[in-house]
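Hello,

Here is the structure we talked about, with the sequence alongside. Please open it first, and then read my notes below with the model on your screen.

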Amino acid sequence: MKNFRLLVVFSVSLLVGFCLLYFINEERNSGKNFKTKIGSEKKIETTDIVPVTSSESALTSWEQKTIELYEKANPAVVYITSYKTEYVSYFFDIYPQTSEGQGSGVIIDAKNGYIVTNYHVVGKADRLTVTLNQDEADWEAAIVGVDPENDLAVIKINDPPATLTAIKMGVSENLKIGQSVYAIGNPFGFDHTLTSGIISALNRNIKSSNGVLMEGTIQTDASINPGNSGGPLLDSLGNLIGINTMIASPSSGSVGIGFAIPVDKVKEVVPQLVEFGYVKRGWIDATFLPVNRRLARALNLGTDAGLMIMQVAQNGEAYKAGFRGGNQKAMYGNRVIMIGGEVIMAINDVKITDYNSLVNVLKNSKVGEVVKVTYMHKRKTYNTDVKLIDKRLFTDR
């Protein structure tokens, strides 16, 4: 029995030995074949190897141009924070409540610290601060002038640093649908964000948040979100071609339909904002009440649309043109109005339906310009010429 066990152990050991010798031999043969295969290939020269030293070596020429554009224009873009204090009543006590808003702006005059942005970004803010690209410090700023009709405003950095960089102005009259554009701004507070796209359409007429028609805007699919307002829209050379102003979106986020104010309009408006604080526009020196169907029926006006003149400036231009306004007081809701005056129906043959339509018709007019006014008085239609006065001087009284 003992001899049988020894025989089994010997046989197993012998089998294991043969297996090991077989595998060792196969490994040697495969190594020889591998060396032979390598040797048959073309020898690799060290000069054929191009080392990758940085990520820049992988950039395309288009990418490099985009980077250069951003580095050129970005220093002129600023982050604007506006603060407005309102007083609320609570259980017979009055408490101050400060609201905060953010937006973008672009430096147009480095020496004087002038920045152009949207009117709706700064509005009637009590305090403004500006964050520059090169540092995180907040610089105090003040409103220089506003133009709600074009949603533009100019603000100024108090004691501007000497390191400011101004944007290079471009031209918007020769823009083409399909050309590349870039936007820099602070969407949702993510400062100095770059987005790109194309010009989707030109000469779009859109209504601003205050109901005023903005004419000739640039439509783009470059991503524009809350916080981009007031920032620059750039061409492929980094020149300013527009000021981003609003988006069309059901969700308040970018869906590829954004609008910018053309830079040619900016060039027209900004000098007046700097010099006067507002844009000098022509206006009719009278007060108006919009006509609706209910008012038309009650007063038997003969038209259910237009603007009824309540009062005119004594011996003013409207008075000289023959307008006299209302001659009888009446209650309209909770306010006192003057009734019996003329109803303006058109200006220069453009129909007037409400107050905003009057603003839109006269927004590009000049002080001293003469316009043809079509109006109705005692159900009869007349035409007369009216010389326009400075809107600000009349409406601020």
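Asp349 is exposed, because its relative accessible area of 58% is over the 50% cut-off. Please keep in mind that this is a predicted model. Asp349 sits in the loop between β18 and β19, and its phi is near 70°, a positive value in a residue other than glycine. Most residues other than glycine have a negative phi. In that loop you will also find Asn348, placed between β18 (343-347) and β19 (350-351). Asn348 has a positive phi as well, of about 50°, although it is not a glycine. Is Asn348 buried, partly exposed or exposed? With 40% relative accessibility, Asn348 counts as partly exposed, because that class lies between the 20% and 50% cut-offs.

Ala346 belongs to β18, and Ala346 is buried, because its relative accessible area of 11% is under 20%. Which residues does Ala346 touch, leaving out those up to four places away in sequence? The list is Lys351, Ile352, Lys372, Val373 and Thr374. For Thr374 there is also a distance to look at: Ala346 and Thr374 are 28 residues apart in sequence, and their C-alpha atoms are 5.0 Å apart in space.

Next, the barrel. Six strands make a closed barrel, in the order β7-β8-β9-β12-β11-β10, and their pairing is antiparallel. On average, neighbouring strands of this sheet are turned by 50° against each other, direction ignored. Helix α4 (residues 263-276) packs on the sheet and touches β11 and β12. The direction of α4 makes about 45° with that of β12.

How many cavities of 30 Å³ or more does the structure hold? The count is one, and the largest cavity has a volume of about 50 Å³. Its lining is made up of Asn150, Met214, Glu215, Thr217, Ile261, Pro262 and Lys265. Two strands, β9 (213-220) and β12, each supply at least two residues of that lining. Which strand gives the most to the lining? That is β9, with three residues.

Beyond β9, have a look at Asn228, in the loop between β9 and β10 (232-234). Asn228 is buried, because its relative accessible area is 2%, under the 20% cut-off. What does Asn228 contact, apart from neighbours within four places in sequence? The contacts are Ser104, Ile184, Gly185, Asn186, Pro187, Ser223 and Asn244.

Another stretch to trace on screen is β4, β5 and β6. Strand β4 (residues 127-131) runs antiparallel to β5 (residues 138-147), and four bridges join them. Val130 stands opposite Trp139 of β5. Six bridges then join β5 to β6 (residues 152-157), again with the two strands antiparallel. Here Asp147 stands opposite Leu152 in β6. Strands β5 and β6 form a hairpin with four residues between them, and Asp151 in the turn has a positive phi of about 55°. Asn150, which I listed above, is among the residues that line the largest cavity.

Finally, some totals for the protein chain. The secondary structure comes to eight helices and 22 strands. Of the 397 residues, 42% are buried. The chain exposes about 23000 Å², and carbon and sulfur atoms supply 54% of that area. Looking at contacts between residues at least 6 apart in sequence, 59% join residues at least 24 apart.

If you have time for a short tour, you could begin at the loop that holds Asn348 and Asp349, go on to the six-stranded closed barrel, and end at the hairpin of β5 and β6.

Best wishes

Note on methods:
Residues are numbered from 1 along each chain as its sequence is written. This is a predicted model: local features need pLDDT of at least 70, side-chain atom pairs count only at pLDDT 80 or more; totals for chains, interfaces and linings use all residues. Side-chain values use heavy atoms; hydrogens and water are left out. Two strands pair if DSSP finds at least two bridges between them. Axes are lines fitted to C-alpha atoms, for helices over the stretch in contact, and angles run from 0 to 180 degrees between N-to-C directions. Contact means heavy atoms within 4.5 Å. Buried means under 20% relative accessible area, exposed over 50%, partly exposed in between (1.4 Å probe, protein chains only). Accessible areas come from the Shrake-Rupley method with a 1.4 Å probe; for residues, only the protein chains shown count as cover. On a 1 Å grid over the protein atoms alone, a cavity is a set of points where a 1.4 Å probe fits but cannot get out, and a pocket is an open set with protein on both sides within 12 Å along at least five of seven lines; lining residues have an atom within 4 Å of a point. Grid points are joined across faces, edges and corners, and a volume is the space filled by probe spheres set on the points.
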